[in-house]
Amino acid sequence: MDQHSSNASNTPENLTPVSRNPTSNMSQQQPRRPQETQRRQQEPIKYGDVFQVSGDLAGQPITPQDAAMMQTAEASVFGQVPSGGPAAAMQAAAAMNERAGVVGRDDATDVARDRGVAVSASEYPGTWVVTESVGGQVLGQVYQYTEVQATTAGAAVVQAQITIGEALEAAIATAGNKPVDQSDAAAIQAAEVRATGSNVIAPGGVGAAAQSAAAFNAGLDRVEDKIKLADVLTGATARLPADKVATWDDAEGVVTAELSNNPNLTTNPGGVAVSVTAAARLNEGATPT
């Protein structure tokens with residue numbers, strides 16, 4: 001992806017080692033494992049139980065939509081969701097909270113919704129620092145050491161908004177191994193329509209590929225033989241005839257398409273609708289490009 005952002009940071013081409021190597025040196029603000037927090041089931045796992053944060057954020061439960069926003073943000077910067085990073089810890093905690101019935105699948109905290117979720121890259125002499133935060137409080141950092149440029153001075157932060165194509169690619173990190181079904185195909189086609197502004201699905205494009213994959217998978221029994229979302233969504237940005245920044249209207253259209261084509265009338269965990277919705281939330285607080 002050309003733009004790497006989440007609230008979102010846009011990392012330049014020479015940051016490729018960062019975006020593909022999320023296991024670089026982590027700061028001391030690494031999340032504690034949610035499993036290490038012993039508590040009664042009815043009490044939610046809060047941000048303060050997992051991360052070194054304070055104030056009202058520390059007392060907020062970690063919710064599925066907060067985790068989805070961070071997953072989309074990380075995927076847009078790193079190209080994947082790093083294991084052991086803030087998004088992975090948030091997803092684990094949110095899943096426990098949802099299973100315990102203390103939060104719902106569509107819940108988001110006021111802090112994340114109103115003050116934003118961000119993954120930003122800063123350049124210092126000889127170092128790129130990728131900082132992940134919720135509501136302005138740092139959850140974790142990744143350091144990548146680079147050659148010092150003679151003209152480099154101070155620090156620079158580049159931020160941009162997430163496009164629909166980038167949101168589709170971000171879904172690979174969260175649901176890439178899911179076999180494509182009709183709800184996925186409908187959501188992807190709705191995303192393409194929103195991105196291009198045309199109701200015509202381009203032959204050979206990502207929407208057409210998704211529909212073909214869903215039809216192919218419908219005739220198979222073994223999961224391992226089915227076409228997965230990663231097979232369809234890889235390179236989605238380049239395969240779209242046009243692209244645009246994801247908005248709430250776009251998210252609503254994609255969610256409606258996914259819901260109406262799912263027999264359970266739910267969106268798929270970590271799927272296309274969740275990713276586009278997370279991108280729309282992140283874009284509310286991002287720097288326009």
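Strands, loops and spaces in a predicted model

Q: Which residue of E3 is the bridge partner of Val-129?
A: The bridge partner of Val-129 has to be looked for in E3, and this structure is a predicted model. Strand E3 (residues 137-145) runs antiparallel to E2, and eight bridges join the two. Within E3, the residue that partners Val-129 is Tyr-143.

Q: Which residue in the turn of the E2 and E3 hairpin has a positive phi?
A: E2 and E3 form a hairpin in which two residues lie between the strands.

Q: Which residue of E2 does Ser-120 stand opposite?
A: Strand E1 (residues 117-124) pairs with E2 in the antiparallel sense, and the pairing extends over eight bridges. The two strands also form a hairpin with two residues between them, where Gly-126 in the turn has a positive phi of about 85°. Across the pairing, the residue of E2 that Ser-120 stands opposite is Thr-131.

Q: How many of the eight residues of E1 are buried?
A: E1, which pairs with E2, is described as mostly covered. Among its eight residues, the number that are buried is six.

Q: What percentage of the 289 residues of the protein chain count as buried?
A: The protein chain is built with 13 helices and four strands. It exposes about 12,700 Å², of which carbon and sulfur atoms supply 48%. Of its 289 residues, the share that count as buried is 51%.

Q: How many residues does the largest nonpolar core have?
A: Tyr-47, Phe-51, Met-90, Val-134 and Leu-233 are the residues with the most contacts inside this core. Tyr-47, leaving aside its neighbours within four places in sequence, is in contact with residues including Met-90, Val-134, Leu-57 and Ile-62. The number of residues in the largest nonpolar core is 63.

Q: What distance separates the C-alpha atoms of Pro-179 and Ile-227?
A: Pro-179 is found in the loop between helix H7 (164-175) and helix H8 (182-196). Beyond its neighbours within four places in sequence, Pro-179 is in contact with Asp-184, Asn-217, Val-223, Lys-226, Ile-227 and Lys-228. Although Pro-179 and Ile-227 are 48 residues apart along the chain, the separation of their C-alpha atoms is 5.6 Å.

Q: What is the volume of the largest pocket?
A: The residues that line the largest pocket include Pro-64, Gln-91, Arg-105 and Pro-269. The elements that give two or more residues to this lining are helix H4 (64-78) and helix H5 (86-99). The volume of the largest pocket is about 240 Å³.

Q: Which element gives the most residues to the lining of the largest cavity?
A: The structure holds one cavity of 30 Å³ or more, and about 40 Å³ of space lies in the largest cavity. At least two residues of its lining come from each of H4, H7 and helix H13 (272-284). With three residues, the element that gives the most is H4.

Q: Does Leu-265 count as buried or exposed?
A: Leu-265 lies in the loop between helix H12 (248-260) and H13. Most residues other than glycine have a negative phi, whereas phi of Leu-265 is near 55°, a positive value. A residue counts as exposed when its relative accessible area is over 50%. Because its relative accessibility is 62%, Leu-265 counts as exposed.

Terms used:
Residues are numbered from 1 along each chain as its sequence is written. This is a predicted model: local features need pLDDT of at least 70, side-chain atom pairs count only at pLDDT 80 or more; totals for chains, interfaces and linings use all residues. Side-chain values use heavy atoms; hydrogens and water are left out. A nonpolar core is a set of buried Ala, Val, Leu, Ile, Met, Phe, Trp, Tyr and Cys residues joined through side-chain atoms within 4.5 Å. Buried means under 20% relative accessible area, exposed over 50%, partly exposed in between (1.4 Å probe, protein chains only). Contact means heavy atoms within 4.5 Å. Accessible areas come from the Shrake-Rupley method with a 1.4 Å probe; for residues, only the protein chains shown count as cover. Two strands pair if DSSP finds at least two bridges between them. On a 1 Å grid over the protein atoms alone, a cavity is a set of points where a 1.4 Å probe fits but cannot get out, and a pocket is an open set with protein on both sides within 12 Å along at least five of seven lines; lining residues have an atom within 4 Å of a point. Grid points are joined across faces, edges and corners, and a volume is the space filled by probe spheres set on the points.
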